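Take a look at the structure below. This short report walks through its aromatic rings and its nonpolar core.

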Amino acid sequence: MGLTRRQNNSNGFKTFDIEGSKDGKTWVTLLKDQEMDREELESQIFPIQPQYLKQIKITMKDNFNNQASTHLAEIDVFGY
């Protein structure tokens, strides 16, 4: 899974969890307490085990500048 931070903006999200669901009701944690590289402008890859998922949820926990909001530019999900 690739995540790209929004460029030219310093309060992007810092740590996050990724969850997945096969039925849209039951969620399992795929990655926990991951951290974005604040300096990387390209997509950052966070590998998850190959599996069928109907939905993916990203929970952004905090950002780099302690602002009330944060953001994400792109989400890329790669199939196998």
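## About the model

This is a predicted model, in which local features need pLDDT of at least 70 and side-chain atom pairs count only at pLDDT 80 or more, while totals for chains, interfaces and linings use all residues. Residues are numbered from 1 along each chain as its sequence is written, and side-chain values use heavy atoms, leaving out hydrogens and water.

## Aromatic pairs

Rings of Phe, Tyr and Trp (its six-membered ring) pair if their centres lie within 6.5 Å; planes under 30 degrees apart are stacked, over 60 edge-to-face, and the rest tilted. The count here is two aromatic pairs. Phe13 and Phe16 make an edge-to-face pair, with centres 5.4 Å apart and 80 degrees between the planes.

Phe16 also pairs with Phe46: the centres are 5.0 Å apart and the planes at 90 degrees, so this pair is edge-to-face. Phe16 lies in strand β2 (15–21) and Phe46 in the loop between β4 (44–45) and β5 (55–60), so the pair ties together parts 30 residues apart in sequence. Strands are DSSP runs (E, at least two residues), numbered from the N terminus. Phe13, Phe16 and Phe46 form one aromatic cluster.

Buried means under 20% relative accessible area (1.4 Å probe, protein chains only). Phe16 is buried at 0% relative accessibility, and Phe13 is buried at 3%.

A nonpolar core joins buried Ala, Val, Leu, Ile, Met, Phe, Trp, Tyr and Cys residues through side-chain atoms within 4.5 Å. The largest has 11 residues, including Phe13, Phe16, Ile18 and Phe46. Strands β2 and β3 (27–35) each give two or more residues to this core.

Note on methods:
Buried means under 20% relative accessible area, exposed over 50%, partly exposed in between (1.4 Å probe, protein chains only). Helices (H or I, at least four residues) and strands (E, at least two) are DSSP runs, numbered from the N terminus.
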